[in-house]
Protein chains: 2
Amino acid sequence: MTPVPAEVEKSSRNVVVNREPFIVPGFKAAAAASGMRYQNRLDLALIVAETPAIAAGVFTTNRFSAAPVQVCKEHLRDSRQINAILVNAGYANACTGEEGVLRALDAAQVVADALHIGRESILVASTGVIGPQISIEPIKQAIPSLLSDLRPDGWDGAARAIMTTDTFPKPASARIEIGGRTVTIGGIAKGSGMIAPDMATLLAFVCTDAAVEPAVLKHWVQRGADCSFNAITVDGDTSTNDSLLVLASGYAKNPPIADMGGVDSQKFGAALLAVLKDLAKQIVLDGEGATKFIEILITGAPTVESAKSIGLTIANSPLVKTAFFGGDANWGRIVAAAGRAGVPLVPERSVLYFDDVCVFRHGAPVRDPDIEARASQVLRQKEIKVQLDLGMGGVQFTTYTCDLSYDYVKINADYRS
Amino acid sequence: MTPVPAEVEKSSRNVVVNREPFIVPGFKAAAAASGMRYQNRLDLALIVAETPAIAAGVFTTNRFSAAPVQVCKEHLRDSRQINAILVNAGYANACTGEEGVLRALDAAQVVADALHIGRESILVASTGVIGPQISIEPIKQAIPSLLSDLRPDGWDGAARAIMTTDTFPKPASARIEIGGRTVTIGGIAKGSGMIAPDMATLLAFVCTDAAVEPAVLKHWVQRGADCSFNAITVDGDTSTNDSLLVLASGYAKNPPIADMGGVDSQKFGAALLAVLKDLAKQIVLDGEGATKFIEILITGAPTVESAKSIGLTIANSPLVKTAFFGGDANWGRIVAAAGRAGVPLVPERSVLYFDDVCVFRHGAPVRDPDIEARASQVLRQKEIKVQLDLGMGGVQFTTYTCDLSYDYVKINADYRS
């Protein structure tokens, strides 16, 4: 993985990210209820760039990647510009064989015909049940209303249309100045289990009017994803459909960002990261059955890979997650999870904190009669920060997760049966 | 990992393993209530070999290995013979620093003094809460009654004394003929979460009166562990204390098994594997909150590592486990978990079965209107077999796991708070 440089990561923390309704000049969005699977709810979202945009994407690493993921990869490789993204909720179009790919291409063609452009300028995404084929006819019938409903402030409907087990829509936007011009980065996401092939998936669509060279956009999208969507976990599962798509139209008419290491590039990277991170955090907050938001900061690591490996092992441990749910300051479970992450850490150098309460230092529990009470106090909070310092180097990495509650079991055990 | 050869694995299936009370000629066991942490319950187990035994062990790979694990490794390296194993339940003696190691050595010394032998001939094991130190005084005071209670049929008490969140004691034994002599392999285990630093850990102690060369014993213990205790998972966590200790005394006076590839060696290996596997299965059956026992057979794999990696990824997926709890024939979750195991599998070659019901073949769901009903029927069983054929080679590996229920969350969220 290639993380965002520390200085860009730091300045991204100062970017003001808004979760209110937003517009990105030069983009429009709309939603419709196609009836493909659900009755009487929005299930199709269309995002259109008024002027063609360059695009970058990050996709699931699952070997069973869904048909729309395959189509997006092909279109991003073959096409120099992207005009629109079509998303459907209800069926994931995953594990659907060649027929599934043909239908994903058909869905893109329907939009291409309506916009009078080439099919390879359309990206598609799906979320929902694995296995069944999507139907093209409901999409065709919804196209006229989608086109007539396209509006600059249509993002709220689009954010709702892509929801499945999500309990709230997830928008985020930020504004920065580049070369004297205001540039907007705004997007929406969905997801609540990292995967739930029936009903969930992680999807995010971010648009910006920034003028930015394709290589610079790709650079920041990949690094930003590694420090946001690739740093969160609800249950450790990876969907067949996970997709982050970022479009940049240049509509803001700022001097094009071409120098990767320049000030404008770093500023753009920081703002993009801030928006991606905010969307990612909203997904954790809406984690299936989640009652708590947990930030796991690994410091003193020799490499970012080792820090991430330990962070994710802790974040995915069912014993750690149930202890958080129970409000139990069970540091032994965190230490034990860290110890099995495959990193040659040294117990005698490790130090563990809940917020600012140090509970474990250099291989042994901190001897202080008040520790248990102070740690338990932290565990009662809705947002908890865990810091494990490895004492082995100067690298750090933050992972975000939620607790594991009865409702997680309920949502995932009861859904189909 | 080094699995048991296929032919030995096959013949191990024909070994009759008994879960009734057993004796292993030449070994005695006893239990006592020391009061170290629990009131009025057995919490100390002592196993003594009447004639010194050779020994082999397999231990946790957790970097935070507990003090008794460190002591066992040292004694197994330095000592040519082992006379006894002392086990305490209540405190894990893990994350206890140098003081913890000194106390584990003291515990061994107490037994050594009582038996008038060297400390390095004693092995020790602990299970319970991480962090607190064990107390030596309660052990000292319990020694006289432990010694006077030592009996060939004392295993049931020992199996109960090492329990923590376990709901039943776990014995297993088998008998085979080697060189015209009857050889017994018998042992006990405990464990119900793979780890729960408060209350659980995987411990197994197996004794045999077989005469077997140390290298041959070590060979079969390591391979046997890889196909039994290292092939099960309740929650994917690895304890700081996990230990399998196997003693072989030669009391049966069979011609010593020295030829690793010989018939007797293979017979012994098969019987040992059968006992280890049975103990491992009992741990899964007693998995925290478990309501179902699931066997995951990966076939057609290119290597045993890839088969095991896919099997464990499926077995540890919270989404797969909650679907089993809900009785949901949710094959999409299994396929999606397999797809993120890091193995370059080919969707078009994969075939998935629930028992003998094929639900997914060559990248797409099986088209049959009865499939859902037939698969759901299988999912209502208490024991379920899942087979995923990768179509990529001739290797197979079996993993065992249980479902993830409300009670798992309850047990692990509510324990300390």
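Here is a short chat about the predicted model shown above.

Student: How many residues of chain A are in contact with chain B?

Tutor: 60 residues of chain A, and they meet 60 residues of chain B; contact means heavy atoms within 4.5 Å.

Student: And how much area do the two chains bury between them?

Tutor: About 4600 Å², with 59% of it on carbon and sulfur atoms. Buried area here is the accessible area (1.4 Å probe) that two parts lose on being put together, summed over both.

Student: How many salt bridges across the interface?

Tutor: Zero by the rule, which asks for a side-chain nitrogen of Lys or Arg within 4 Å of a carboxyl oxygen of Asp or Glu.

Student: What does the chain A side of it consist of, by residue class?

Tutor: 27 nonpolar, 20 polar and 13 charged residues. Ala, Val, Leu, Ile, Met, Phe, Trp, Tyr, Cys and Pro count as nonpolar, Asp, Glu, Lys and Arg as charged, and the others, Gly among them, as polar.

Student: New topic: B:Lys277. Buried or exposed?

Tutor: B:Lys277 counts as buried because its relative accessibility is 10%; buried means under 20% relative accessible area, exposed over 50%, partly exposed in between (1.4 Å probe, protein chains only).

Student: What does B:Lys277 touch?

Tutor: Leaving out residues up to four places away in sequence, B:Glu9, B:Arg13, B:Cys227, B:Ser228 and B:Tyr400. B:Lys277 itself is in helix α7 (residues 263–285) of chain B; helices (H or I, at least four residues) and strands (E, at least two) are DSSP runs, numbered from the N terminus.

Student: How many residues are in the largest nonpolar core?

Tutor: 116, and those with the most contacts inside it include A:Phe205 and B:Phe268. α7(B) gives the most to this core, 12 residues. A nonpolar core is a set of buried Ala, Val, Leu, Ile, Met, Phe, Trp, Tyr and Cys residues joined through side-chain atoms within 4.5 Å.

Student: Last one: where is A:Thr398?

Tutor: In strand β15 (residues 395–402) of chain A. The C-alpha atoms of A:Thr398 and A:Glu295 are 6.8 Å apart, although 103 residues separate them along the chain.

Notes:
Residues are numbered from 1 along each chain as its sequence is written. Chains are lettered from A and ligands numbered from 1 in the order in which they are written. This is a predicted model: local features need pLDDT of at least 70, side-chain atom pairs count only at pLDDT 80 or more; totals for chains, interfaces and linings use all residues. Side-chain values use heavy atoms; hydrogens and water are left out.
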